[in-house]
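Keep the view open as you read.

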Amino acid sequence: MNNQKNNMRDSAWRAELRGAMSAKERAAIPRVRMPELDPEYRVTCNEEVNQGISAGQAVLEATRCMDCRDPQCVTGCPVHIDIPGFIKNIQRGHFSEAAATLRLSSALPAVCGRVCPQEKQCESRCIYHKMKKEPVAIGYLERFAADADRLFGKATVSRPESNGIKVAVAGSGPAGLSFAGDMARRGFEVTVFEALHEIGGVLKYGIPEFRLPNDIVDAEIETLKALGVNFVKDCIIGKTIPVEQLEADGYKGIFVASGAGLPRFMGIPGENLIGIMSSNEYLTRVNLMGAGKKGFDTPVAHGKIAAIIGGGNTAMDSVRTARRMGAERAIVVYRRSEDEMPARVEEIKHARQEGVEFMTLHNPIGYLGDENGHVRAMLVQRMELGEPDESGRRSPVPVEGAIEEIPVDMVIVSVGVSPNPLIPDSVANLKVSRRGTIEVNDSTMESSVAGLYAGGDIVRGGATVILAMGDGKRAAEAMAEALL
Ligand SMILES: Cc1cc2nc3c(=O)[nH]c(=O)nc-3n(C[C@H](O)[C@H](O)[C@H](O)COP(=O)(O)OP(=O)(O)OC[C@H]3O[C@@H](n4cnc5c(N)ncnc54)[C@H](O)[C@@H]3O)c2cc1C
């Protein structure tokens, strides 16, 4: 009954907001621009590039939203956030309610507002495209609402009453965190085991602070701690503690969220030369182990001419990090054209503003070393686009005889990742795909082993933050139902 009343109130104010300004007037408002740090300054430091929009900008941008009766943006969101609902709350100036609406579907809105590929998801379905106008800046608004709530909100988190049932999580990336929060809110006693010495998975060791500051992730972790989630660091499930031991220790359910942290290489001549490394290694040294920062002695390569192989977000993070670590030339080498690059459009734009060079339609075929075994050059093959492959993207075809030698003194290979095999290899009767991902029932996320659930990149291969969180949420729903 209360819900019904709230809904009626909700539709009343939404109708009022709709009526307050005509659709034509809304459509005439230009899309908000995100204030950014100046490129020349930002390559000298690790400060967040996107500065966030002001409350005034947020309210105006929210006013652009037409509050469509059949909002396609919601279908474009992998976790179906009530996008018009949270945006209209911003328009009313009710920022905490906006954040609360976001939290109904997303455990980490401040993170998603910063790193989700909105242009391919929610914003790609916005009605404004039909009017040949820029979509509502849903990502910027999501970030605004989550930040405003964190900085000024009065919401307090209290620990729910325990139901006495222990559950374990292997891995503390977005899948594990989202699962842990949902289970803790239901009263389960949740322990998250993390192999590394920091909580957060890729959010900490992969995505650099200039895109996602650590304190945003830490604030989410603090909320989970307040809910009663227990974190154990430096503990590798399947090695430090075997999965069977967790069962013996009284954990009634296990959620495996161990990600896809195993780097792939191309297997081309010279790839073992000094100065050639994976993105994972490079970013982990810089982001997690303080390489390059005062007071840390973690060694890291400081190339003057750095080549980054690949066109995804990981490649963009690596190349932009290399610029910040002093590379005078930082070159992205990608075998297709820019249109096929999987990286977010904004990352490509920011990289270019920061002086990154793009060598598209080129593929490395080997590396040459100096007398000390250090890389000194790469051989690149020019490519052209052929027929689309199974991914729907036009496949790169070598242009015969078009090979160039480019001097480089550092190479970061960013051509994809595979699931970490440790847990899949150590659990008897666990069904694993040929790619090494754990096979699960899509709706419950339960694996072939009863009581063992899995989600995120360990199930999907390299995917996205929001999909990993969605998996955690579904697994929590199913496990809670099975255990209660
Ligand atoms: C550099 C980079 C940039 C990215 N940028 C974006 C972006 O902009 N937007 C986006 O949506 N996605 C992005 N992604 C992808 C996204 O981060 C991942 O899809 C997401 O983090 C997967 O979440 P997860 O929880 O499954 O795994 P992860 O985040 O990988 O976390 C897994 C955790 O499990 C731990 N672990 C592994 N094995 C064990 C074990 N045996 N026991 C205990 N702990 C274990 C790992 O140490 C790790 O902390 C990026 C990825 C990278 C690498």
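Domain bounds here come from an automatic or database domain assignment. Keep in mind too that this is a predicted model. On that basis the protein chain splits into domain 1 (2-152), domain 2 (166-261 + 419-483) and domain 3 (265-416).

Five strands form an open sheet in the order 6-13-7-8-9, paired in parallel. Strand 6 (276-278) and strand 9 (357-360) are the edges, and each has a single partner strand, so one side of each has no neighbour in the sheet. On average, neighbouring strands are turned by 20 degrees against each other, direction ignored. Zoom in on strand 6 and its parallel pairing with strand 13 (residues 410-413), which runs over three bridges. Here Met-277 faces Ile-412 of strand 13. Lying across strand 6 and strand 13 is helix 14 (residues 279-288), at about 80 degrees to strand 6.

So what surrounds the ligand? There are 41 residues around it, and Gly-171, Gly-173, Gly-201, Gly-259 and Gly-456 come nearest. By type, the shell has 21 nonpolar, 16 polar and four charged residues. Domain 2 and domain 3 each give at least three residues to this shell. Among the helices that supply at least two shell residues each are helix 10 (174-185), helix 15 (313-324) and helix 19 (465-483).

Key: Residues are numbered from 1 along each chain as its sequence is written. This is a predicted model: local features need pLDDT of at least 70, side-chain atom pairs count only at pLDDT 80 or more; totals for chains, interfaces and linings use all residues. A residue is near a molecule or strand if its C-beta atom, placed from the backbone, lies within 6 Å of it. Helices (H or I, at least four residues) and strands (E, at least two) are DSSP runs, numbered from the N terminus. Ala, Val, Leu, Ile, Met, Phe, Trp, Tyr, Cys and Pro count as nonpolar, Asp, Glu, Lys and Arg as charged, and the others, Gly among them, as polar. Two strands pair if DSSP finds at least two bridges between them. Axes are lines fitted to C-alpha atoms, for helices over the stretch in contact, and angles run from 0 to 180 degrees between N-to-C directions. Two residues are in contact if their C-beta atoms, placed from the backbone, lie within 7 Å.
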